[in-house]
Amino acid sequence: MEIKECASLEEVREQIDRIDSQIIALIAERGHYALQTANFKTKGHVRDLAREEIVVKKVRARAKECGANQDLVESFYRLMISRFVMLEEAKIEREGRG
């Protein structure tokens, strides 16, 4: 990862916008896969706390490697996971699987 030194506030904002676009695309992609997990689960069996902790441990390690704030990354992932779980549960409910 190469971070360039910006010469203006506008340039910084352009870089942030570029990164935000990539993050959103990746969240969308992750969401499509997360929703596919609902195809293999039933009502009341969506949340997998052991798996969530594995994911959090991995992203904290990756955050450290990248120089990102580990607590911020963990908080973001915990929120994202909880929202995807809600979407999975809603999908299972809509499909009448239980």
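Student: Let me start with D71: is D71 buried or exposed?

Tutor: Buried means under 20% relative accessible area, exposed over 50%, and partly exposed in between (1.4 Å probe, protein chains only). D71 has a relative accessible area of 52%, so D71 is exposed. This is a predicted model, where local features need pLDDT of at least 70 and side-chain atom pairs count only at pLDDT 80 or more, while totals for chains, interfaces and linings use all residues. Residues are numbered from 1 along each chain as its sequence is written, and side-chain values use heavy atoms, leaving out hydrogens and water.

Student: Which side chain meets D71 in a salt bridge?

Tutor: A salt bridge puts a side-chain nitrogen of Lys or Arg within 4 Å of a carboxyl oxygen of Asp or Glu. Here R60 is the partner of D71, at 3.0 Å from N to O. The pair links distant parts of the chain, with D71 in helix α3 and R60 in helix α2, 11 residues apart. Helices are DSSP runs (H or I, at least four residues), numbered from the N terminus. R60 is partly exposed, at 23% relative accessibility. Both residues also belong to a salt-bridge network with E53, E74 and R78.

Student: How many salt bridges does the whole structure hold?

Tutor: The search finds nine. One of them joins E93 and K43 at 3.0 Å, N to O. E93 sits in helix α3 and K43 in the loop between α1 and α2, so this pair ties together parts 50 residues apart in sequence. E93 is partly exposed at 48%, and K43 is partly exposed at 49%.

Note on methods:
Helices (H or I, at least four residues) and strands (E, at least two) are DSSP runs, numbered from the N terminus.
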